[in-house]
Amino acid sequence: MSALDVSFVIPCYNEEVAIRSVIADFSAALPQAAIHVFDNNSSDHTAQYAAEAGAVVHMVKLRGKGNVVRRMFADIEADAYVMVDGDD
């Protein structure tokens, strides 16, 4: 049996305070999983900090969590998804 392809998907809007620790915690818990941050047009450094922490950052200009969630499942292929908020 092969390993599952697991992706963490994290919707974010102005989460610069916590996003680095969220990414670090999930990287430590499941290092083989991909981590995708979906930045919903933040006005802070969320996208920059997420990229620096090792996440793949996707920009979603159309505001609203529903728009972000639709993008997540349209853009990311995985066997299993773990969706968590970026505010720790």
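**Rings, cores and one proline**

Mentor: A search of the whole structure, which is a predicted model, finds two aromatic pairs.

Trainee: How are the rings of phenylalanine 8 and phenylalanine 26 placed, stacked or tilted?
Mentor: That pair is tilted, because the ring planes of phenylalanine 8 and phenylalanine 26 stand at 45° to each other, with the ring centres 4.5 Å apart. Since phenylalanine 8 belongs to strand β1 and phenylalanine 26 to helix α1, the pair ties together parts that are 18 residues apart in sequence.

Trainee: And phenylalanine 8, buried or exposed?
Mentor: Phenylalanine 8 is buried, with a relative accessible area of 4%, whereas phenylalanine 26, at 25% relative accessibility, counts as partly exposed.

Trainee: What about phenylalanine 73 and tyrosine 81, what sort of pair do they make?
Mentor: Their ring centres are 4.9 Å apart and the planes are at 80°, so this pair is edge-to-face. Phenylalanine 73 is partly exposed, with a relative accessible area of 39%, and tyrosine 81 is also partly exposed, at 31%.

Trainee: Staying with rings, what sits over the ring of tyrosine 49?
Mentor: The charged end of arginine 20 does, at 3.8 Å from the centre of that ring.

Trainee: Switching to the inside, how many residues are in the largest nonpolar core?
Mentor: There are 14, and the residues with the most contacts inside that core are Ile10, Ile19, Ile23, Ile35, Val37, Ala50 and Ala55. Two or more residues come from each of β1, α1 (19-29), β2 (34-39) and α2 (46-52), and β1 gives the most, with four residues.

Trainee: Which residues does alanine 50 touch, leaving out those up to four places away in sequence?
Mentor: Alanine 50 touches Ile19, Ile23, Val37, Ala55 and Val57. There is also a second, separate core of six residues, which includes Val9, Val60, Met72 and Ile76.

Trainee: One more topic: where does proline 11 lie?
Mentor: Proline 11 lies in strand β1, which covers residues 6-12, and with a relative accessible area of 9% this proline is buried, because the cut-off for buried is under 20%.

Trainee: And which residues does proline 11 touch, again not counting those up to four places away in sequence?
Mentor: Proline 11 touches Phe38, Lys65, Val68, Met72, Met83, Val84, Asp85 and Gly86. As for alanine 24, that residue is 13 residues from proline 11 in sequence, and the two are 16 Å apart in space, C-alpha to C-alpha.

Technical notes: Residues are numbered from 1 along each chain as its sequence is written. This is a predicted model: local features need pLDDT of at least 70, side-chain atom pairs count only at pLDDT 80 or more; totals for chains, interfaces and linings use all residues. Side-chain values use heavy atoms; hydrogens and water are left out. Buried means under 20% relative accessible area, exposed over 50%, partly exposed in between (1.4 Å probe, protein chains only). Contact means heavy atoms within 4.5 Å. A nonpolar core is a set of buried Ala, Val, Leu, Ile, Met, Phe, Trp, Tyr and Cys residues joined through side-chain atoms within 4.5 Å. Rings of Phe, Tyr and Trp (its six-membered ring) pair if their centres lie within 6.5 Å; planes under 30 degrees apart count as stacked, over 60 as edge-to-face and the rest as tilted. A charge sits over a ring if NZ of Lys or CZ of Arg is within 6 Å of the ring centre and within 35 degrees of the ring normal.
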